[in-house]
Amino acid sequence: MLNFEYALPTRILFGRGMENRVGQEVKKRNGSRVLVHYGGKSAVESGLLDRVCQCLEEAGLSYVLAGGVRPNPRLSRVEECIRLARQEKVDFILAVGGGSVIDSAKGIGYGLANEGDVWEFYSRKRIPAGCAPLGVILTIAASGSETSDGSVVTNDRSRLKRDVGSDYARPKFAILNPELTFSLPEYQTSCGTTDILMHAMERYFTTVHNVELVDGFLESLMKTVMHNFRIVLGNPADYDARAELMLAGSFCHNGLLTCGRKGDWASHALEHELGGMYDVAHGAGLAAVWGSWARYVYRTDVMRFAQFAVNVMGCVMDFGQPEKTALEGIAAMERFMASTGMPVSIRELGYELTDRDIARLADSCTDHGTKTVGAFRKLGREDVEKIYKMAAE
Ligand code: NZQ
Ligand code: ZN
């Protein structure tokens, strides 16, 4: 097990009706003028936004509305909202939505707390020295951004999707009411479920040994997610199943399940290029590349893939041929993803990539071969290109 530090500064308020406490939660943290940040239309149509505004008013808080965040949140909208928030003398940001809204809110928070170009944090030219305080009302179980230190933003000028992580950006509170996710379209539930599973797998496939306890947490989380996804598919308003997915999404990405180990994150790096270049949904992009990544790297530690196959996917261990079991596990996860309606190749994602497209993706992913991605197996530019090729076939 590796040395680690762990703290979860985000207070989680979980359950029915918890969003009604939002005004008091902002007030407790000395917020007085709130930027209410939201997405396209779901929070408006469900009436959630009106209820949130009413709660803020009842708590004696003033607010400014700033919607229009798109999935794969755009830098240009972050910049507009930084200007608006400065002009309106905002002192607290409330994100009402999913990962895109939360990540955009974190970008605005960075912009308010630091001078200069906010993109420099995402392009790793500068490290943020602070972030304005933010809170979250979550409407989709997926990214884990409600408790994570990460923010992922797409630069709409360069079409680069990049992330930055810092504890400054961890939300002060996250309100998780599973009922708020009942209205999700099936496709978004599937994308979210895939993302949660991927956050578990990115951590599970590690080369660090003796991490048994967290291995067990991850195995349990993955099985719970797959089981409850099936229930939600049959009944989108099943509170208990939605609750399991919501809890899994947050617990998976708040740092607890990274304790003592080093995650891989190559599939995320591969997806970020697809998201930046083609604006694909994050979960779908991950599903399109994961199987190819897994088949490319599994020989690095066949027994870990075999353990995954047996403990998570329910395959039977073939002690004489562990490699066979490892491959069965990969195929079983791909079948699960496909059964949720996710694409398991880039073609299924809807793109016929040429060799030139693939070379461009590989260049961007590895900064023209100057950096590697992944930790389970460090992948150079040629490796990345091969994986994209496998995924494109
Ligand atoms: O814009 P609206 O109308 O709200 O619709 C959204 C959006 O179209 C819809 N939606 C959300 N809640 C809903 C709903 N529709 C009906 N009912 C509801 N209750 O769902 C669509 C997708 O929303 P989005 O916020 O994009 O989804 P998600 O939470 O999956 O976030 C994806 C983003 O998070 C980033 C991804 O890269 C992607 O940009 N990630 C952020 C991470 C982090 N900060 O730690 C880690 C992740 O790995 C991920 O990279
Ligand atoms: Zn993710």
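Student: Which residues line the largest cavity?

Tutor: This is a predicted model, and a search of the whole structure finds one cavity of 30 Å³ or more. About 30 Å³ of space lies in this largest cavity, and its lining divides into four nonpolar residues, two polar ones and one charged one. The residues that line the largest cavity are Ala 141, Leu 184, Thr 189, Thr 193, Ile 196, Arg 242 and Leu 245.

Student: Which helix gives the most to the lining of the largest cavity?

Tutor: Two helices, α7 (186-204) and α9 (239-252), each supply at least two residues of that lining. The one that gives the most, with three residues, is α7.

Student: Which residues are the protein donors of the zinc ion (ligand 2)?

Tutor: Along the chain, the donors of this zinc ion follow the spacing D-x3-H-x68-H-x13-H. Among them, His 199 in helix α7 and His 268 in helix α10 (residues 266-278) link distant parts of the chain, being 69 residues apart, and both of these histidines are buried. The donors lie 2.0 to 2.2 Å from the zinc ion, and they are Asp 195 (OD), His 199 (NE2), His 268 (NE2) and His 282 (NE2).

Student: How far is the C-alpha atom of Ala 287 from that of Asp 195?

Tutor: Ala 287 is found in helix α11 (residues 282-297), where it is buried, with a relative accessible area of 0%. Not counting residues up to four places away in sequence, Ala 287 touches Thr 194, Met 337, Met 342, Pro 343 and Val 344. Although Ala 287 and Asp 195 are 92 residues apart along the chain, the separation of their C-alpha atoms is 8.5 Å.

Student: Why do the buried residues of helix α3 lie on the same side of α3?

Tutor: The buried residues of helix α3 (residues 48-58) are Leu 48, Leu 49, Val 52, Cys 53, Cys 55 and Leu 56. They are on the same side of α3 because the arc they cover around the axis is only 160°.

Student: Which exposed residues does α3 carry on the face turned away from its buried side?

Tutor: The buried residues of α3 pack against several elements, including α1 (22-28), β2 (33-38), β3 (62-66) and β5 (134-138). On the face of α3 turned away from that buried side, the exposed residues are Asp 50 and Glu 58.

Student: Is Leu 134 buried or exposed?

Tutor: Leu 134 is found in strand β5, and, leaving out residues up to four places away in sequence, it touches a set of residues that includes Phe 92, Ile 93, Ala 169 and Phe 173. The C-alpha atoms of Leu 134 and Gly 31 are separated by 9.3 Å, although the two residues are 103 residues apart along the chain. Since the cut-off for a buried residue is under 20% relative accessible area, Leu 134, at 1% relative accessibility, counts as buried.

Student: Which residues is Arg 304 in contact with, leaving aside its neighbours within four places in sequence?

Tutor: Arg 304 has its place in helix α12 (residues 302-311), and this arginine is buried, with a relative accessible area of 8%. Once the neighbours within four places in sequence are left aside, the residues in contact with Arg 304 are Tyr 204, Phe 205, Thr 206, Asp 215, Arg 261 and Phe 376.

Student: How many residues in the lining of the second largest pocket are nonpolar?

Tutor: About 210 Å³ of space lies in the second largest pocket, and α8 (212-234) and α9 each supply at least two residues of its lining. Among the lining residues are Phe 217, Leu 221, Glu 244 and Phe 251. The lining has two polar residues and one charged residue, while the number of nonpolar residues is seven.

Student: What is the phi of Trp 265, and where does this residue lie?

Tutor: Most residues other than glycine have a negative phi. Trp 265, which counts as partly exposed at 28% relative accessibility, lies in the loop between α9 and α10. Although Trp 265 is not a glycine, its phi is positive, at about 70°.

Student: Where does Arg 159 lie?

Tutor: Arg 159 is not a glycine, and yet it has a positive phi of about 60°. Arg 159 is partly exposed, with a relative accessible area of 43%, and its place is the loop between β6 (150-155) and β7 (160-165).

Note on methods:
Residues are numbered from 1 along each chain as its sequence is written. Chains are lettered from A and ligands numbered from 1 in the order in which they are written. This is a predicted model: local features need pLDDT of at least 70, side-chain atom pairs count only at pLDDT 80 or more; totals for chains, interfaces and linings use all residues. Side-chain values use heavy atoms; hydrogens and water are left out. On a 1 Å grid over the protein atoms alone, a cavity is a set of points where a 1.4 Å probe fits but cannot get out, and a pocket is an open set with protein on both sides within 12 Å along at least five of seven lines; lining residues have an atom within 4 Å of a point. Grid points are joined across faces, edges and corners, and a volume is the space filled by probe spheres set on the points. Helices (H or I, at least four residues) and strands (E, at least two) are DSSP runs, numbered from the N terminus. Ala, Val, Leu, Ile, Met, Phe, Trp, Tyr, Cys and Pro count as nonpolar, Asp, Glu, Lys and Arg as charged, and the others, Gly among them, as polar. Buried means under 20% relative accessible area, exposed over 50%, partly exposed in between (1.4 Å probe, protein chains only). The arc is that of the directions from the helix axis to the C-beta atoms. Contact means heavy atoms within 4.5 Å. Donors are N, O and S atoms within 2.8 Å of the metal (3.2 Å for Na, K and Ca); water is not among the atoms, so sites may look incomplete.
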